[in-house]
Structures are given as C-alpha cells and as structure tokens.
Amino acid sequence: MRQWQRLLSDGNEFFDNKKWVQAEYCYKEAASYLDNLWAVDAMNIELLMAWIGTCHNLAVLYETRGNPQVSLEYLLIPHHRMLALSQNSQQCDDMQLIALKALQLTFMPVLLFSRKYSICKECQKGLKEFKAQLDENQGTVH
C-alpha cells in the first residue's frame with residue numbers, strides 16, 4: 001500500500017476511535033505527502049482527488065472538535081488552489097479543465113459549511129459570485 005493511503009487509512013481509524021491528535025497528524029502528513037507528489041505529477045487526478053479529500057478530512061476533524069474557523073480554512077485551501085489554477089492562463093488547457101472539474105468537488109462543502117456556520121461577508125459574496133458562475137456555465141460545452 002502506498003504511504004499516503006496508509007496514512008489516510010490510519011487517520012480514518014484514529015478518527016473513528018476519537019483519537020483526534022493522531023488522526024490530525026496522519027491527515028496532515030498525508031496532505032503534505034500528496035501535495036508533494038502532485039507537484040511532481042500535476043496531471044495525476046488520483047493524487048489531486050486524494051489531496052482534496054484529505055483536506056476535507058481535516059475540515060471534518062476540526063469541525064468535530066468544535067473549531068469551525070480552522071475547519072473552513074481546510075475547505076478553502078483546495079477550493080482557492082483550484083480556482084487559481086482554473087484562472088491561470090499560464091496553465092495548459094488540460095490543467096485548467098482538471099481544476100474546473102475539481103472546483104465542483106471543492107465548492108459544495110464550502111457552500112454547505114456557509115449554511116451551517118456564519119462566515120464573513122466577503123466570503124459570502126465570493127460564494128454567491130462563484131455559484132452564479134457555475135450556474136451560468138452549467139450548460140456550456142467546449
């Protein structure tokens with residue numbers, strides 16, 4: 001089994017057993033490891049999806065521990081990165097498309113979080129604008 005998969009599996013087991021510190025350690029190590037691997041192999045969608053999922057695991061962990069502010073940060077990290085990649089004209093078309101598709105995975109947890117917890121007005125505005133863009137582009141095929 002790959003190291004990042006072992007870390008995620010261990011983190012999930014620790015989470016299920018309410019061993020928060022150990023789960024946090026495993027998730028953070030997995031996120032860092034995946035981020036480094038993905039930096040070398042940016043077209044590897046498996047690594048990207050695993051990294052996004054790991055960030056979301058950290059968000060759930062912090063929410064469970066009663067720290068919604070840090071939870072939101074771990075939801076926004078992958079969302080902002082995918083948003084930046086999708087809008088970066090220096091990126092190849094394939095990378096921009098991957099980032100656009102990934103935004104569909106990163107946006108919904110942030111939106112659901114914003115309905116559950118109070119977020120700043122600037123973040124609310126950004127979410128509304130992004131949702132409007134998604135709705136507008138829903139039927140567009142290139």
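## Exercise 1: The buried side of a helix

In H3, the buried residues are Leu47, Leu48, Ala50, Trp51, Ile52, Thr54, Cys55, His56, Leu58, Ala59, Leu61 and Tyr62. Buried means under 20% relative accessible area, exposed means over 50%, and partly exposed lies in between (1.4 Å probe, protein chains only). Helices (H or I, at least four residues) and strands (E, at least two) are DSSP runs, numbered from the N terminus.

Before going on, a word on the source: this is a predicted model, in which local features need pLDDT of at least 70 and side-chain atom pairs count only at pLDDT 80 or more, while totals for chains, interfaces and linings use all residues. Residues are numbered from 1 along each chain as its sequence is written, and side-chain values use heavy atoms, with hydrogens and water left out.

**Task.** Find what covers the buried residues of H3, and follow the contacts of Thr54.

**Solution.** 
- Step 1. The cover over the buried residues of H3 includes H1, H2, H4 and H5.
- Step 2. Thr54 sits in helix H3, and it counts as buried because its relative accessibility is 0%.
- Step 3. Contact means heavy atoms within 4.5 Å. Not counting residues up to four places away in sequence, Thr54 touches Leu8, Tyr27, Ala30, Ala31 and Leu34.

## Exercise 2: The length and ends of H3

**Task.** Compare the reach of H3 with its expected span, then look at what happens at its start and after it.

**Solution.** 
- Step 1. The expected span of a helix is 1.5 Å times one less than its number of residues.
- Step 2. H3 has 20 residues and reaches 28 Å from its first C-alpha to its last, close to the 28 Å expected.
- Step 3. At the start of H3, a side-chain oxygen of Asn44 comes to within 3.1 Å of the backbone nitrogen of Glu46.
- Step 4. After H3 comes Gly66, with a positive phi near 85°.

## Exercise 3: The nonpolar core

**Task.** Which residues have the most contacts inside the largest nonpolar core?

**Solution.** 
- Step 1. A nonpolar core is a set of buried Ala, Val, Leu, Ile, Met, Phe, Trp, Tyr and Cys residues joined through side-chain atoms within 4.5 Å.
- Step 2. The largest such core has 34 residues, and Tyr27, Trp38, Leu48, Trp51 and Met82 have the most contacts inside it.
- Step 3. Two or more residues of this core come from each of H1, H2, H3, helix H4 (68-87) and H5.
- Step 4. H3 gives the most to this core, with 10 residues.
- Step 5. Now take Trp38: leaving aside its neighbours within four places in sequence, Trp38 is in contact with Asn44, Leu47, Leu48, Arg81, Met82, Leu85 and Met95.

## Exercise 4: Salt bridges

**Task.** How many salt bridges does a search of the whole structure find? Describe the pairs of Glu46, Glu24 and Lys116.

**Solution.** 
- Step 1. Side chains of opposite charge can pair when their charged atoms come close. A salt bridge is a side-chain nitrogen of Lys or Arg within 4 Å of a carboxyl oxygen of Asp or Glu.
- Step 2. The search finds 6 salt bridges.
- Step 3. Glu46 pairs with Arg2, their closest N and O atoms being 3.2 Å apart. This pair links distant parts of the chain, with Glu46 in helix H3 (residues 45-64) and Arg2 in the segment before helix H1 (3-16), 44 residues apart. Glu46 is partly exposed at 38% relative accessibility, and Arg2 is partly exposed at 42%.
- Step 4. Lys116 and Glu63 meet in a salt bridge of 2.8 Å, N to O. Lys116 lies in helix H5 (residues 93-116) and Glu63 in helix H3, so the pair ties together parts 53 residues apart in sequence. Lys116 is exposed at 59%, whereas Glu63 is partly exposed at 22%.
- Step 5. Glu24 pairs with Lys28, with the closest N and O atoms 3.1 Å apart. They are 4 residues apart in helix H2 (residues 20-40), so about one helical turn separates Glu24 and Lys28. Glu24 is buried at 15%, whereas Lys28 is partly exposed at 35%.
- Step 6. Glu24, Lys28 and Arg65 are linked in a network of salt bridges.

## Exercise 5: Confidence

**Task.** Where is confidence lowest, and where is it highest?

**Solution.** 
- Step 1. pLDDT is the predictor's confidence in each residue, from 0 to 100. The protein averages 87, and 85% of the residues score at least 70.
- Step 2. Confidence is lowest in helix H6 (residues 121-137), at a mean of 65, and highest in H1, at 97.
- Step 3. Where pLDDT is low, the predicted coordinates should not be read in detail.

Conventions: A polar contact is a pair of N or O atoms within 3.5 Å; within protein, one must be able to donate a hydrogen and the other to accept it, and residues adjacent in sequence count only if both atoms are side-chain atoms.
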